[in-house]
Amino acid sequence: KPRRRGHGIFMPLTNLSSEIRSEREKRNLAILGAVRRYGPITKPEISQAVGLNIVTVSNYIEEFLNHNLIFEKEFDISAGGRRPMLLDINPDAGTVIGVGLNLMNIVGVQTDLKGRIVARSSLEHNSPSIKEIVRCVSEIIHSILKKSGAGKEKIKGIGIGIAGLVNKKDGSVHWPEKVEDTYDYVSVYVPLKDVLERDFGLPVLIENDATAACFGEQWMGLKTEVKNLVYMFSGVGCGMIFNGEIYTGSSGLAGEVSIHNPKNKPEFNCSAGAPCFLKRWEIDFGIVEEAHSKILKLKNSGESDSAAKRLLELANGKIEDINLKMIFQAAREHDSFALELLNRAAMQLGIRAAHLVNLLNPEMVLIGGGLEQAGDVFLNGVRSMVNEWAFQEVSKNVRILYSDLGENAVALGAASLVMRQIFAQI
């Protein structure tokens, strides 16, 4: 039976967004990270995993026990002498809220400190304007709290993963708004952190959605530890972990995988077609727009639209209602029209992924942002393009997989970032 100690009261989080770690915080993270990933685990096993002597580990463990952050479980089998005690994270020590907000939907989760979801809520939206962001996030948090029924005193913080550019130096969020037929970053300060901290009375952390998802995969999704990881959020942005640490650049803005010239000069046009793999593109690679355009062209020319029969069935005959999920479903059913659309998107994403593989030489590239619903045909297409376009010496060792966490990745990643701060600052 688990044995708990102490009063279970955390010291307040002093700086939820701090990236500068003291030596004590680094050791906290190392020891608690080992317990979280490998627990139930013994002190000698922790010592071996983190490279600290057993006396140091024991001193830290005693502090964690006193705060009820971890607890002792049943004795392990002994190889001789006194049987060592097993240690594990105490899931009841508190909860955190994570919200993932992108250009298509909002997902919110409340998790315990082992990352298990205790409440979830989602909200579909049609590209909210910058004025609606705060309202949408606040609405999803209220919905989670209502579903979980958990007391506010147990919630340790709120993490937000948001599309756009998150500047860590001044706290600004530059949100991509749609202007006519394309997305552009608006230079408007969104006081999201200040508003949420005032409204909910809890510390708030804000991170770019791709970076949050990347950390969430490393923290919760992957079965084995990966030190060098790239998470591709569709083809729009990416999260990066190098040598086990999140990389966000000098001002927290790293991860944009396209270049953009609003003047769109002739020198920037791509003869291979639009969009060129270096140019900014839609989060869905323009798949939906291309589907609409091709079907309308068939109708207007008087040709048969039987090629898109399955998609029209799924949309009840309304071309304008065809969406990305319908295209994915048709492709999984081996519909040739849908497969043609996905093959082109896989080629575009694969070339961009090959560029990142050559540049960064990661162990793993994860594909997320909704594309994990596209099925094996799309993923194999991306892999094929990476093998074709990246250097063989690099591509042969990289694993290209779908996100394990799926549409929860950003929300769980944001929650994980809060948990990391709890672990560091205990």
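In this predicted model, G100 has G161 of β6 as its bridge partner. The two strands concerned, β3 (residues 95-101) and β6 (residues 155-162), run parallel and are joined by six bridges. They belong to an open sheet of five strands with mixed pairing, in the order β5-β4-β3-β6-β11. At its edges stand β5 (117-124) and β11 (204-208), each of which pairs on one side only. From one strand to the next, the twist averages 15°.

Helix α4 (residues 133-148) touches β3, β4, β5 and β6, while α13 touches β3, β4, β5, β6 and β11.

The other sheet described here is also open, with five strands in the order β14-β13-β12-β15-β16 and mixed pairing. Its edge strands, β14 (245-247) and β16 (399-402), have a single partner strand each, so one side of each is left without a neighbour in the sheet. The twist in this case averages 25° from one strand to the next. Within the sheet, β12 (residues 229-233) and β15 (residues 364-368) pair in the parallel sense over five bridges. V230 has V365 in β15 as its bridge partner.

Helix α6 (residues 209-221) lies across β12, β13 (237-242), β14 and β15. Helix α11 (residues 376-389) lies across β15 and β16.

| α4 | β5 | about 145° |

The largest nonpolar core has 51 residues, of which I61 and I70 touch the most other members. Elements that each supply at least two residues of this core are α1 (23-38), α3 (54-66), β2 (85-89), β4 (105-112), α6, β12, β15 and α13 (409-425). The helix α13 gives the most, with 11 residues.

Which residues are in contact with I61, leaving aside its neighbours within four places in sequence? They are I31, K43, I46, I70 and L87.

A second, separate core has 48 residues, including C238, F378, L379 and V382.

Notes
Residues numbered from 1 in each chain as written. Predicted model: local features only at pLDDT ≥ 70, side-chain atom pairs only at ≥ 80, totals over all residues. Heavy atoms only, no water. Pairing = 2+ DSSP bridges. Helix = DSSP H or I, 4+ residues; strand = E, 2+ residues; numbered from the N terminus. Axes fitted to C-alpha atoms, helices over the stretch in contact; angles between N-to-C directions. Contact = heavy atoms within 4.5 Å. Core = buried A, V, L, I, M, F, W, Y, C linked by side-chain atoms within 4.5 Å. Buried < 20%, exposed > 50% of the residue type's maximum accessible area, 1.4 Å probe, protein only.
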